[in-house]
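This briefing goes through a few local features of one protein model. Keep the sequence and the 3D view at hand while reading.

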Amino acid sequence: MKVPFNYLPFEFKNHNKIILEWKSLIKSNDYTLGKYVNSVEKKFSKFFGSKYVIAVNSGTDALILSLKALGVKSGDEVITAANTFYATAGAIVACGAKPVLVDVNDNYQINETLIEKRITKKTKVIIPVYWGGGIPNIDKIIKIAKKYNLYVIEDSCMGIGGKFKKRHPGTFGDIGCFSFHPLKTINAIGDAGMLCTNSKKLYEWIKKYRNHGMRDRDNIDFWGVNMRMQPLQCVVVLEGLKKINKVIRTRNVNANYLDLNLRKLNKFIKIPERNKKNLETFALYMVRVKRRDKLIKYLNKHNIEAKIHYPKPLCLQKPYIKYNDKYISKNAIQQSKELITLPVHQYLSKDQMKFMIDKISKFYI
Ligand SMILES: *Cc1c(COP(=O)(O)O)cnc(C)c1O
């Protein structure tokens, strides 16, 4: 039996609807912004429960645009999680600022109790990350930001379809960023991203900046860039939106099943606490295990595509080491040695999950 990590062949097996929509898009000649982009923005605005949505090329673009909109520039510092994906820090650096990393808690989310110590006069923004589709303590982070007069950009790239206190990730801070990369809960056929905000001012600036700073065809208000989402991807992402609630439900059912069975191996496996009030997306199902590197080899040998996100945390990556930061993200480093990501996607069968649990049990006992 094979337990694949990559579910995209199943996701796009039945692509007739997409092709049909693409055909009418091609006929429409509406290739730049236009009705497909408007429609995706309107539908996601409703789904997120956020006033304004802007469709862009990637989650990375969404982060860069957000930072730019809040005026982040050279000399500024931006606080984020020590275990996040390269893009969060890369976007900060792309705006000329410096990423300042904060260690994570046992749920792999930024540890909000450690944020205050990292704030300096140069700090401008905090970027909490919904790492793996889990939920950071966003309430407390917003409180800290208010106290120090800082902005909050939520990196909810893995959080599409989740819930914190009945609200969608990305709708708590000043701006929320999303990605439709193949690893996330809604997938484009390639790259796409989005951001949301309730601020009209930010919305209007970002919308313009995304499109060369254009006021109209013949006038620009300021220098901008081209970060517009492709209508071809709007079609794909809208199909994904129709399924998202079901996808998240199935991923949660699968994660519960894995939790329940892996708890029997609690001498070897540590499952994070699950807060039933939140809805995690399980973009990644991650647990901490003993003898991680041996386990992953064993599972891969048995055709179970387990992965590691990531074996080398951001705080130990070459460009971060260069900052010579004396702060040590102990948990993030420890977790990078213990975490394993197991397939949890919506196309797994019960038999595949049983097989996976069986092999893990056999490895330990
Ligand atoms: C995927 C991801 C990004 C980047 O999104 P892209 O669409 O790949 O540019 C940024 N931050 C986090 C936490 C992500 O998971």
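Thr197 is part of strand β7, which covers residues 193-197. In this predicted model, Thr197 has a relative accessible area of 2% and is therefore buried, the cut-off being under 20%. The points below start with the surroundings of this residue and then turn to a loop residue, a helix and a pair of helices.

**Around Thr197**
- The side chain of Thr197 comes to 2.8 Å from the backbone oxygen of Asp174.
- Apart from neighbours within four places in sequence, Thr197 touches Ser50, Lys51 and Tyr52, as well as Asp174, Ile175, Leu202 and Tyr203.

**Asn211 in a loop**
- Asn211 sits in the loop that links α7 (200-210) to β8 (214-216).
- Its relative accessibility is 14%, so Asn211 counts as buried.
- The side chains of Asn211 and Arg228 are joined by a polar contact of 2.6 Å.
- With neighbours within four places in sequence set aside, the contacts of Asn211 are Leu33, Val225 and Arg228.
- Between Asn211 and Met227 there are 6.8 Å in space, C-alpha to C-alpha, and the two are 16 residues apart in sequence.

**Helix α4 and its two ends**
- Why is helix α4 (residues 59-69) described as largely enclosed by the rest of the structure? The reason is that 9 of its 11 residues are buried.
- The buried residues of α4 are Gly59, Asp61, Ala62, Leu63, Ile64, Leu65, Ser66, Leu67 and Ala69.
- At the N-terminal end, Ser58 caps α4, with a side-chain oxygen 3.4 Å from the backbone nitrogen of Thr60.

**Helices α3 and α8**
- Two packed helices are described by the angle between their axes and by the distance between those axes.
- For α3 (residues 34-48) and α8 (residues 231-262), the angle is about 25° and the axes are 9 Å apart.
- Angles under 35 degrees count as roughly parallel, and α3 and α8 are therefore roughly parallel to each other.
- The crossing of these two helices, α3 and α8, is left-handed.
- On the α3 side, the contact is made by Tyr36, Val37, Ser39, Val40, Lys43, Phe44 and Phe47. On the α8 side, the residues are Pro231, Cys234, Val235, Val237, Leu238, Leu241, Ile244 and Asn245.
- Sorted by class, the contact between α3 and α8 has 12 nonpolar residues, 2 polar and 1 charged.

Definitions and conventions. Residues are numbered from 1 along each chain as its sequence is written. This is a predicted model: local features need pLDDT of at least 70, side-chain atom pairs count only at pLDDT 80 or more; totals for chains, interfaces and linings use all residues. Side-chain values use heavy atoms; hydrogens and water are left out. Axes are lines fitted to C-alpha atoms, for helices over the stretch in contact, and angles run from 0 to 180 degrees between N-to-C directions. Helices (H or I, at least four residues) and strands (E, at least two) are DSSP runs, numbered from the N terminus. Angles under 35 degrees count as roughly parallel, over 145 as roughly antiparallel, 65 to 115 as roughly perpendicular and the rest as oblique. A crossing is left-handed if the near helix is turned anticlockwise from the far one by less than a right angle, and right-handed if clockwise. Contact means heavy atoms within 4.5 Å. Ala, Val, Leu, Ile, Met, Phe, Trp, Tyr, Cys and Pro count as nonpolar, Asp, Glu, Lys and Arg as charged, and the others, Gly among them, as polar. Buried means under 20% relative accessible area, exposed over 50%, partly exposed in between (1.4 Å probe, protein chains only). A polar contact is a pair of N or O atoms within 3.5 Å; within protein, one must be able to donate a hydrogen and the other to accept it, and residues adjacent in sequence count only if both atoms are side-chain atoms.
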